[in-house]
Amino acid sequence: MAAATGRGRGILAAIVVVLLLALGAGVASVVGDALGIRAEPAQPMGGEPAPATTVGPPVSSPRFDLTGDIDSPRLRVAGDELAAAQDSTTTAGTGQVTVVHRSAAGDDETYRVTGTPTDLHIDADGEAGAARAVYDLAHAIRARTGVTSLIGRTVTSRLPFRMADLGAVGVTPDPAQWRDGTDYSHASKAFADVFLANPPYIDQKALDAAYDDFDHYLRRILAEGYNALAFPGFIEFVTFDGLGVYPPGDPHIAKATALRDAFSRFWNRARELGMKVYLRTDMLTLTTPLEKYLTRRFGSLDTTDPALWDVYSRGLDELYRAEPALDGVLIRIGEAGRVYDVPGWDYYSDLAVTTPSAVRAMLTALTGQAERTGREVIFRSWSVGVGAVGDMHTDPDSYREVLDGIDSPALIVSTKYTLGDFYSWLPLNDTLLQGRQRRIVEFQSRREFENGGAFPDDLGAQYRWALQRLLAANPGIEGIWSWTQDGGPWRAGPMILYDKTGFWQLADLNSRLAADLARNPDADPSQVTLDWIREWFSDDPQTARSIADAMAESRQAIEQGLYIPPYAQQRVSALGLEPPPMMWIFEWDILTGDSAALDVIYRVSRDRLDEAIAGGAQAVQTVAHMRDTVAGTDPSTWRDPAMRTAFVSALDYEHSTLTMLADYRAMVLHDAAWRDTGSAAQKQAWRDARTAFAASSADHLKRYSGDVDHPAYNLTAADLGMRRADRNPAMAWAARILLVVAAVWLILGLLRRVRPARATLTAALVPWRAEEAAGALGRHERILLLAVPAVLLVATRAAATSVLSWTHLALTLGAWAVFCAVVLIAVRKRSVWTVIAVVGGVAVLRCVLVLFALSWTGPGGYWFAFWTEPAHRAAYITVAVALYAWTFVAVGWALAARWGRRRATGLVLAAAGTGLAVPAAVVAAVGLERVLTAWNDQMGLLPWGLSRILGITVYLGIPPALPLYAVVAGAVLLVVGAVLALPFGARRTTRS
């Protein structure tokens, strides 16, 4: 009978094990799908940079007097630019320019120039064309190309809408704010010295200075060809009069009125000079009273409710009535949150417009309002993988799902020209070919991911290539939006503020290229670059040629030095997102050290490993040649010695940076190759590259730490990654030793040589015999029964974390400690050693699995397989999940003999619930984002920069309330288990 019962239990155990393995396989499948790591070739944009074919001698123009229809503010400012251009260079003789236009209204920029080189006649239908002609004349004089080429031409602009951001207007260039280099806030803090916390809310003196700053900026971007402006703000200027959002006396009302009155003259000045103004805001934009009002009225921030958007529409009605100079609103839904918030400023945004129905409700309401008031809504399709509209920016099907049918004439959709963010190697954004909406194309001059404009980076050839193809395919494209300054952190990276401080002229080239090519997509970008060189640096033909040659090489240095091309040429997907092509620098100046990014980069590049590594050295050689070319010019031929110094210094800085990055890429790729193959040669190459990186990074930090113009890269994450990599060999050996210890312990149990080892194995494999096996042990034997698995478990977990993550150890070991404590307290003395034997026995089996995975190349190899080897990952997860679940089954089975199946099940459920709820409550109390940040910093699994940007929870879409959900789930298990464990109607059973 006993034998039959034993066989029945064995068959049942086998069935349970199969079911648990099936569960593990299911979890492995879910994990694989969630990771979703895949790569496919991408087609990067074309456009091969080349220097100007001819660099002729400078041409001096006459000094012109401007006459005719020039009495409007718009023409007077254009005349000021002409005078400034003539003052900046050598003129020859005198001349006259007569301006005639037939209307002050309209946006048509067409004009015709006739006459002689000393007697020019500008004829335009409208004031816009006349002003543009004067600006073009001033440009020709600054670039010293002569005015003859303008005569006899009718000039028009292919794209009539050319918008710029606000530049650095209102931003104070305080080096102290940049020196630390770790402020990754995206808030510009523009006008910070204008705003006061208390009435009258505006510092008039600071406002007057900001207005002068604004007027100067307007003049510059008008001269460069822009005619629209994105001005930050919206909710700050609205009182929601008549809605009851703000109760009487609420300071938000007085503050909004004060801010509106303060900036009214800014907007009026822009309109006076022919510049459209669009208020730039995130949605959902909120204040604390507004959020409470919306929640009280609608029950939640339900962005699919048209009535919610009616509140914002009425706010726009109020604002447009008060400020007729405003032309519309520019809306972004894809980014928001703390990274944009200004401390102490009760205006913030929430990522709440995350579904197609919410977007459609918003646009339907706001475009309807715009049509009624003669305004426009510019909607940015940009998003960062948040919510159901997260890939609208890069996926044509998603774009159509969100926007098809919303064809209001007041709607303009704005989209980056890159299929992703402003990185190199990306394809052209084919969503710009979709839809019937009016479209504008976004460009970024001071490329935030390519060291924030501190390196030469001539994008002209790529801009022309992109615009020509987009315009040929989509007649709905009517303009561009060029970011002269904005994008990314303001105070991490080089202190380059447009038209204020730093070597801002490098990025200004791309602003000029964008405007010139928008006006004429067939223009030669190398000529635009040459004009820029002549204006800022030198009109000496030989010097100008040398600088042009260097600029033509700038893209190669960027694309090879800041990217790993075999990876960058792929379109990679992971975690439901599309990681950028520069994942090893994530993001901006943060050199990453995480296993996910670096291992996937290696896996994608593995078949072209030599090429991936060699690209770094090639970039260093390119920059060295650029530097020698510029430094070899005659200093006396430069307009300003300071400009020559700035240019050479920028190239020295780039050379130092790319040298360090070349050593780092070699180090991390050789390290991954060793963990992949176990090759001794790759291990030695890793060590050699590590030595090189240690030297080049130390030199980089020594030269540039504290230099706000050329800041050192942030190597914190890289250093953490190096610490983990350095420990991999030692941890591999530790794992091998521990694996031998575990194996010996199990073998001794199998051979029945050591009774505690036998009890461990018996309890793990046939838990219904655990009480018998543990009960036969003496006092000292029981100490071994507890100590060996416990020490093995702690040592295994420590090795798995390279002894670097106390957070991981505290959470995992703490959860198991709580589970065991609850069970042991519940069973008191009757089954204590039974439980210890079972938990310890299964723990030893789980340790064997982990140690086997660690024994090859340490934790680095463990995570390498997880990220890059789907079959290995699936097999490991299948067994690991089965063993994890078997712990609970085995404990319940072992207790069932004495406590009965119902009560034993209840004890296990109650203990498991408590083991879940207690750590979850701790995490909730500390904060999920804070705990994830600490855990990730110590484990190095995901990019260190995630928590410094949007936050891990936001970026991966993890609900902040997840720990509370876990607490509730654990509490439910505890209650259910406690009820089941009650002794009602039960009789304690004993073995016969």
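## Salt bridges

In this predicted model, R400 and D397 form a salt bridge in which the closest N and O atoms are 2.3 Å apart. Both residues belong to helix 10 (residues 396–403), and because they are 3 residues apart there, about one helical turn separates them. R400 counts as partly exposed, at 29% relative accessibility.

Another salt bridge joins the side chains of E478 and R438, at 2.8 Å from N to O. E478 is in strand 16 and R438 in strand 15, so this pair ties together parts of the chain that are 40 residues apart in sequence. With a relative accessibility of 22%, R438 counts as partly exposed. Salt bridges with shared partners also join D80, D215, R219, R269 and E272 into one network.

Across the whole structure, a search finds 47 salt bridges. One of them pairs D87 with R63, whose closest N and O atoms are 2.6 Å apart. This pair links distant parts of the chain, since D87 lies in helix 2 (residues 73–87) and R63 in strand 2 (residues 63–68), 24 residues away. D87 counts as exposed, at 55% relative accessibility, whereas R63 counts as partly exposed, at 33%.

## The barrel

A barrel is closed by 8 strands in the order 7-8-9-11-13-14-15-16, with parallel pairing. On average, neighbouring strands of this sheet are turned by 25° against each other, direction ignored.

Strand 15 (residues 438–444) and strand 16 (residues 477–483) are paired in the parallel sense over 6 bridges. Within this region, E442 has W481 of strand 16 as its bridge partner. Helix 11 (residues 460–473) lies across strand 15 and strand 16 and runs at about 170° to strand 15.

## Loops and backbone geometry

Two peptide bonds deserve mention. The bond from P199 to P200 is cis, with omega near 10°; P200 is located in the loop between helix 4 (175–179) and helix 5 (204–224). The bond from M283 to L284 is also cis, with omega near 15°, and L284 is found in the loop between strand 9 (276–282) and strand 10 (285–286).

N451 is not a glycine, yet its phi is positive at about 70°. This residue sits in the loop between strand 15 and helix 11, and N451 is buried, with a relative accessible area of 4%. R752, likewise not a glycine, has a positive phi of about 60°. The loop that holds R752 runs between helix 21 (716–750) and helix 22 (755–765). R752 is exposed, its relative accessible area being 60%.

L19 is part of helix 1 (residues 2–35). Its relative accessible area is 56%, so L19 is exposed, the cut-off for that class being over 50%.

L845 is placed in helix 26 (residues 832–854). Apart from neighbours within four places in sequence, L845 is in contact with L746, A764, L765 and L883. For the pair L845 and L746, which are 99 residues apart along the chain, the C-alpha atoms are separated by 8.8 Å.

Key
Residues numbered from 1 in each chain as written. Predicted model: local features only at pLDDT ≥ 70, side-chain atom pairs only at ≥ 80, totals over all residues. Heavy atoms only, no water. Helix = DSSP H or I, 4+ residues; strand = E, 2+ residues; numbered from the N terminus. Buried < 20%, exposed > 50% of the residue type's maximum accessible area, 1.4 Å probe, protein only. Pairing = 2+ DSSP bridges. Axes fitted to C-alpha atoms, helices over the stretch in contact; angles between N-to-C directions. Contact = heavy atoms within 4.5 Å. Salt bridge = Lys/Arg side-chain N within 4 Å of Asp/Glu carboxyl O.
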